[in-house]
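Have a look at it before going on.

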Amino acid sequence: MNAEEMLRRAETPLFWVGALTVASLALWLLYRLLSGFRIWVLGNGQLLSPKLGKWAVVTGATDGIGKSYAEEVRLLDPYLFHFFHRKAEQFKVETRTIAVDFGKTDIYPKIEAGLAGLEIGVLVNNVGVSYPYPEYYLHIPDLDNFITNMINVNMTSVCQVILVVNLPCRVFLRSKGVILNISSASGMYPVPLLTVYSATKAFVDFFSRGLQEEYRRQGIIIQSVLPFFVATKMTRIRKPTLDKPTPERYVAAELTTVGLQSQTNGYFPHAVMGWVTTKLVPSSIVIFLGARMNRLQRTGYLHRRKLREQKNGASLKSE
């Protein structure tokens with residue numbers, strides 16, 4: 001059999017292989033486009049409603065994303081509203097404030113007592129803490145307390161508040177309810193010089209997705225939310241941009257994804273960034289670039305701190 005005859009025999013099978021490949025890719029692309037349109041354009045039609053329960057609980061609502069969640073939930077329905085750490089007389093809705101330090105572990109009986117008897121339909125586990133500046137692990141000041149505080153705030157609170165809110169009795173048996181656990185894009189891959197923070201946020205993401213699978217058949221929505229940079233006090237970003245939105249803009253976009261994505265970046269530009277950094281760019285490059293960025297931020301912070309110390313020292317001498 002010569003080469004020409006072999007090519008003739010292979011022509012038809014190769015044609016169908018190529019046709020099926022193109023058709024599969026076209027169907028996949030169409031599916032992705034329709035899914036994206038459903039999530040980012042149509043949204044969930046304001047899934048949050050009084051049908052879920054008369055009260056919502058938001059942790060860490062003093063400022064930033066937590067404050068915006070509290071306000072946005074109130075805007076969706078005035079009867080579905082509750083949060084920690086914030087006064088809200090201006091909203092003309094019934095609220096209860098429970099002031100606690102999530103860095104401690106003896107606070108949960110107080111929270112449970114404060115929530116007793118409430119029909120809770122929405123829980124937003126938002127409270128979190130990050131580094132004061134990027135730093136190498138063993139160089140973090142007061143490392144023992146730093147580790148304990150970050151684990152208690154970023155990880156223990158997520159597990160314990162779900163337990164205290166007692167959703168298996170108040171929500172799960174009624175086959176409705178929403179839990180939003182606020183993780184971070186830093187939990188999608190290791191972020192050197194923010195390593196402990198990154199690891200705690202990865203825990204939140206894994207915990208949320210595992211819990212969703214455990215309870216999804218009961219109609220419970222548990223969503224892992226992984227924002228990139230948002231203009232908040234914690235990120236020290238003062239001027240919002242397209243990829244660094246205000247908390248209000250971010251939360252308004254994120255709430256439209258509830259019920260449509262179990263794991264979400266919550267905001268379309270962030271979703272694009274998440275797709276690029278997890279699907280297109282090798283993780284080793286993402287880790288390298290993250291480390292480089294944080295080393296530069298660390299150097300800048302330490303330099304500014306040294307200048308402040310020198311200035312303060314000079315002022316003391318002049319006095």
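What follows goes from the overall layout to the first helix, the sheet, and then a few local details.

## Ground rules

This is a predicted model, so to speak of a local feature we ask for pLDDT of at least 70, and side-chain atom pairs count only at pLDDT 80 or more, while totals for chains, interfaces and linings use all residues. Residues are numbered from 1 along each chain as its sequence is written, and side-chain values use heavy atoms, with hydrogens and water left out.

## The overall layout

The chain holds nine helices and five strands. Both kinds of element are DSSP runs numbered from the N terminus: helices are H or I with at least four residues, strands are E with at least two. Going along the sequence, the pattern reads α-β-α-α-β-α-α-β-α-β-α-β-α-α.

Of the 319 residues, 42% are buried. Here buried means under 20% relative accessible area, exposed means over 50%, and partly exposed is in between, using a 1.4 Å probe and protein chains only. As for contacts (heavy atoms within 4.5 Å), take those between residues at least 6 apart in sequence: 69% of them join residues at least 24 apart.

## The first helix

Helix α1 runs over residues 3–42. Its 40 residues should span 58 Å at 1.5 Å a residue, and the end C-alpha atoms are 55 Å apart, which agrees; the expected span is 1.5 Å times one less than the number of residues. There is a kink of about 40° at Glu 11, shortly before the proline Pro 13. That bend is the angle between axes fitted to the seven residues ending at a residue and the seven starting there.

Just after α1 comes Gly 43, with a positive phi of about 75°.

## The sheet

The five strands form an open sheet in the order β1-β2-β3-β4-β5, with parallel pairing. At the edges are β1 and β5 (263–264), each pairing on one side only. Two strands count as paired if DSSP finds at least two bridges between them.

Strand β2 (residues 120–125) is mostly covered, with six of its six residues buried. Towards β1 (residues 55–58), β2 pairs in the parallel sense over four bridges, and Val 122 in β2 is the bridge partner of Ala 56. Four bridges also join β2 to β3 (residues 178–182), again running parallel. Across that pairing, Val 124 stands opposite Leu 180 in β3, and Asn 125 is opposite Asn 181 in β3.

## Around helix α4

Helix α4 (residues 143–165) includes Asn 152, which is buried with a relative accessible area of 10%. Which residues does Asn 152 touch, not counting those up to four places away in sequence? They are Phe 102, Gly 103, Thr 105, Tyr 108 and Ser 157.

The whole structure has six aromatic pairs. In one, the rings of Tyr 131 and Phe 146 have centres 4.9 Å apart and planes at 85°, so the pair is edge-to-face. Tyr 131 sits in the loop between β2 and α4, and Phe 146 in helix α4, 15 residues apart. Both Tyr 131 and Phe 146 are buried. For the terms: rings of Phe, Tyr and Trp (its six-membered ring) pair if their centres lie within 6.5 Å, with planes under 30 degrees apart counted as stacked, over 60 as edge-to-face and the rest as tilted.

## Two loop residues with positive phi

Most residues other than glycine have a negative phi. Leu 193, in the loop between β3 and α6 (195–215), has a positive phi near 75°. At 5% relative accessibility, Leu 193 counts as buried.

Arg 236 is not a glycine either, yet has a positive phi of about 60°. Its place is in the loop between β4 (221–225) and α7 (247–255), and at 56% relative accessibility Arg 236 counts as exposed.
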